[in-house]
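Please read it alongside the sequence and the coordinates.

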Amino acid sequence: MSRPLATLMLLACTMLWGLAFIAQKSAMDSMGPLTFSGLRYLLGGLAVLPLALLERRRRPAPLTPQHWLMIGAVSLVFFLGSWMQQVGLITTSVTNAGFLTGLYVFFVPFLGFLLFRTRPHPIIYACVPLALLGIYFLNGGGLASFNSGDLIVVGSAVFWALHVILLGRTAQATGLPIFVSSLSFLIAGAAATSLAFVFEQPDFSAVQSGWMELAYTGLLSTAVAFTFQAIGQQYVPPANAAIILSAESLFAAIGGAIILGERLPLVGYAGATLIFVAILAVEALPPLWSRRRVHVPRTTN
């Protein structure tokens with residue numbers, strides 16, 4: 001797959017995830033975060049499972065214990081990130097959650113270097129603060145009230161950053177991006193559902209009232225978007241992918257405008273512009289710089 005196509009797949013993820021914030025917030029009116037997360041990911045995992053098994057059959061190379069350990073790690077951080085984000089949405093706003101989740105743009109290069117000594121391209125150091133500033137302006141240039149839900153969402157951003165890093169590595173190591181995604185959905189969904197029966201006592205009528213939110217987040221935001229992420233990240237470095245995925249908050253704002261009648265302030269349009277400038281810079285400048293270095297004539301003494 002070409003890198004531009006992989007970038008388009010990641011941008012498609014951001015659109016589906018941005019709109020999902022509205023569904024995730026609405027679902028908390030009828031069910032608990034563990035119940036919602038568990039059913040959402042079980043639905044997404046089952047939807048992707050036929051493609052995952054087909055992919056596995058076409059690539060019959062055995063998975064090593066290290067591969068299974070990597071899949072387990074991806075599933076764990078995926079569960080923790082999604083659960084904490086969902087808990088935070090109970091008390092924080094969609095706008096605040098979108099901004100604070102976007103902090104994983106900062107955590108990805110930091111954790112990538114800390115854990116794997118992966119040095120990002122220098123352009124990342126300019127584009128990360130640019131994207132964060134864009135997210136900040138997109139949400140009005142401030143947070144109305146910082147509460148416990150906001151703090152929990154910040155914690156979830158750490159696990160989303162780990163998910164971006166580990167998912168890319170696991171998909172490349174196994175060569176099975178769809179299989180890895182489906183397994184992580186099913187594992188996270190089973191864990192959340194099991195815990196829901198202990199802590200939340202799920203109610204069937206409550207689940208029925210939130211079926212539209214579950215359908216959207218399970219099939220589109222989970223099955224389609226996270227699978228696109230797993231495929232696209234095989235061809236885009238983690239730090240670059242994190243900045244591309246930061247456009248998630250832009251689509252959350254667009255969804256709020258269309259569905260909830262919200263309108264961006266003038267500073268919000270400035271933020272949207274900064275996000276796209278960061279995305280274009282991180283994707284366009286490194287290859288242009290490399291090409292320029294190749295064609296610069298060398299002088300000899």
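The model is predicted, so local features need pLDDT of at least 70 and side-chain atom pairs count only at pLDDT 80 or more, while totals for chains, interfaces and linings use all residues. Residues are numbered from 1 along each chain as its sequence is written, and side-chain values use heavy atoms, with hydrogens and water left out.

- Phe106, Phe110, Leu114, Leu115 and Phe116 form a nonpolar patch on the surface, and their accessible area together is about 480 Å².
- Patches are made of residues with over 30% relative accessible area and no salt bridge; like charges are joined within 9 Å, and nonpolar side chains (Val, Leu, Ile, Met, Phe, Trp, Tyr) within 5 Å.
- A salt bridge here is a side-chain nitrogen of Lys or Arg within 4 Å of a carboxyl oxygen of Asp or Glu.
- Accessible areas come from the Shrake-Rupley method with a 1.4 Å probe, and for residues only the protein chains shown count as cover.
- Phe116 belongs to helix 5, residues 104-116; helices (H or I, at least four residues) and strands (E, at least two) are DSSP runs, numbered from the N terminus.
- Phe116 has a relative accessible area of 33% and is therefore partly exposed; buried means under 20%, exposed over 50%, and partly exposed in between (1.4 Å probe, protein chains only).

**Helix 5 against helix 6**

- Helix 5 and helix 6 (residues 123-138) pack at about 155 degrees, with axes 9 Å apart.
- Helix 5 is therefore roughly antiparallel to helix 6; angles under 35 degrees count as roughly parallel, over 145 as roughly antiparallel, 65 to 115 as roughly perpendicular and the rest as oblique.
- On the helix 5 side the contact is made by Val105, Phe106 and Pro109, and on the helix 6 side by Ile124, Val128, Ala131 and Leu132; contact means heavy atoms within 4.5 Å.
- Axes are lines fitted to C-alpha atoms, for helices over the stretch in contact, and angles run from 0 to 180 degrees between N-to-C directions.

**Residues of helix 2**

- Leu34 lies in helix 2, residues 33-58, and is buried because its relative accessibility is 5%.
- Leu34 and Trp83 are 49 residues apart along the chain, with 6.7 Å between their C-alpha atoms.
- Beyond four places in sequence, Leu34 is in contact with Phe79, Trp83, Ala192, Thr193, Leu195, Ala196, Phe199 and Glu200.
- Phe36 is also placed in helix 2 and is buried at 0% relative accessibility.

**Residue of helix 7**

- Ala161 sits in helix 7, residues 148-174, and is buried, with a relative accessible area of 0%.
- Ala161 touches Tyr104, Phe107, Val108 and Leu111, residues up to four places away not being counted.
- The C-alpha atoms of Ala161 and Leu111 are separated by 7.7 Å, at 50 residues apart along the chain.

**Residues of helix 10**

- Gln229 is in helix 10, residues 211-232, and counts as buried at 1% relative accessibility.
- Leaving aside neighbours within four places, the contacts of Gln229 are Leu10, Cys13, Trp17, His163, Val164, Leu167 and Leu245.
- Val224, also in helix 10, counts as partly exposed at 28% relative accessibility.
- Val224 and Val48 are 176 residues apart in sequence and 8.1 Å apart, C-alpha to C-alpha.

**Loop residue**

- Gln201 lies in the loop between helix 8 (177-199) and helix 9 (204-209), and is exposed, with a relative accessible area of 67%.
- Gln201 has a positive phi of about 55 degrees although it is not a glycine.
- Most residues other than glycine have a negative phi.
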